[in-house]
Amino acid sequence: MASRNALLKHPRIVVRSLNPTPLAVSSNLLGRCFSDEVRGPFLDRSKVTHRVVSRLKHFMNVDPSMVTPNSHFQNDLGLDISDNAFIVMCLEEEFGFGRSGPDAEKINSTNAAIDYYASHHGAK
């Protein structure tokens, strides 16, 4: 048992390289691997900003002169929670997908909407 423990404590393994050249790593191995669906291009932030602001300016309860990329739906535009839900549905229609449940409540400003749709691969 003592000799077994001694052998396991200090094993001597000789490793020989079959290829004497340094290890070359393919650039594909270093990059992330995404499916083709995820790899698609994200939308340009300036285009998303224009689309979100334009959609908000045409919303029935909003004064178009108050809409900016930094507008908060309740504080700046005077909208209530039901208006907020309707705006989120309009943006879902505009970009072809949306958020549901508690996640939709997080879109409460123009900036939050722009950030979400500009950084999501599913936006069209």
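The model is predicted, so local features need pLDDT of at least 70 and side-chain atom pairs count only at pLDDT 80 or more, while totals for chains, interfaces and linings use all residues. Residues are numbered from 1 along each chain as its sequence is written, and side-chain values use heavy atoms, with hydrogens and water left out.

**Overall fold**

- You're looking at six helices and zero strands, where helices (H or I, at least four residues) and strands (E, at least two) are DSSP runs, numbered from the N terminus.
- Along the sequence, that reads as α-α-α-α-α-α.
- Out of 124 residues in the chain, 26% count as buried; buried means under 20% relative accessible area, exposed means over 50%, and partly exposed is in between (1.4 Å probe, protein chains only).
- Take the contacts (heavy atoms within 4.5 Å) in the chain with a separation of 6 or more: residues 24 or more positions apart account for 55% of them.

**Helix α4 against helix α6**

- Two packed helices are described by the angle between their axes and the distance between the axes.
- Here, the axes of α4 (residues 45–57) and α6 (residues 110–118) come within 9 Å and cross at roughly 135°; axes are lines fitted to C-alpha atoms, for helices over the stretch in contact, and angles run from 0 to 180 degrees between N-to-C directions.
- That angle makes α4 oblique to α6, given that under 35 degrees counts as roughly parallel, over 145 as roughly antiparallel, 65 to 115 as roughly perpendicular and the rest as oblique.
- On the α4 side the contact is made by Arg45, Val48, Thr49, Val52, Val53 and Leu56, and on the α6 side by Thr110, Asn111, Ala113, Ile114, Asp115, Tyr117 and Ala118.
- Sorted by type, the residues of this contact are eight nonpolar, three polar and two charged (Ala, Val, Leu, Ile, Met, Phe, Trp, Tyr, Cys and Pro count as nonpolar, Asp, Glu, Lys and Arg as charged, and the others, Gly among them, as polar).
- In α6, the buried residues are Thr110, Ala113, Ile114, Tyr116, Tyr117 and Ala118, and what covers them includes α4 and α5.

**Aromatic pairs**

- The whole structure has three aromatic pairs: rings of Phe, Tyr and Trp (its six-membered ring) pair if their centres lie within 6.5 Å, with planes under 30 degrees apart counted as stacked, over 60 as edge-to-face and the rest as tilted.
- Phe59 and Phe86 make a tilted pair, at 5.6 Å centre to centre with 40° between the planes.
- This pair links distant parts of the chain, since Phe59 sits in the loop between α4 and α5 and Phe86 in helix α5, 27 residues apart.
- Phe59 is buried at 8% relative accessible area, whereas Phe86 is partly exposed at 37%.
- Tyr116 and Tyr117 have ring centres 5.1 Å apart and planes at 80°, so they're an edge-to-face pair.
- Tyr116 is buried at 16% relative accessibility, and Tyr117 is buried too, at 0%.
- Ring pairs also tie Phe95, Tyr116 and Tyr117 into a cluster.

**Two C-alpha distances worth a look**

- Gly96 lies in the loop between α5 (81–95) and α6 and is partly exposed, with a relative accessible area of 47%.
- The C-alpha atoms of Gly96 and Lys124 are 5.9 Å apart, although the two residues are 28 residues apart along the chain.
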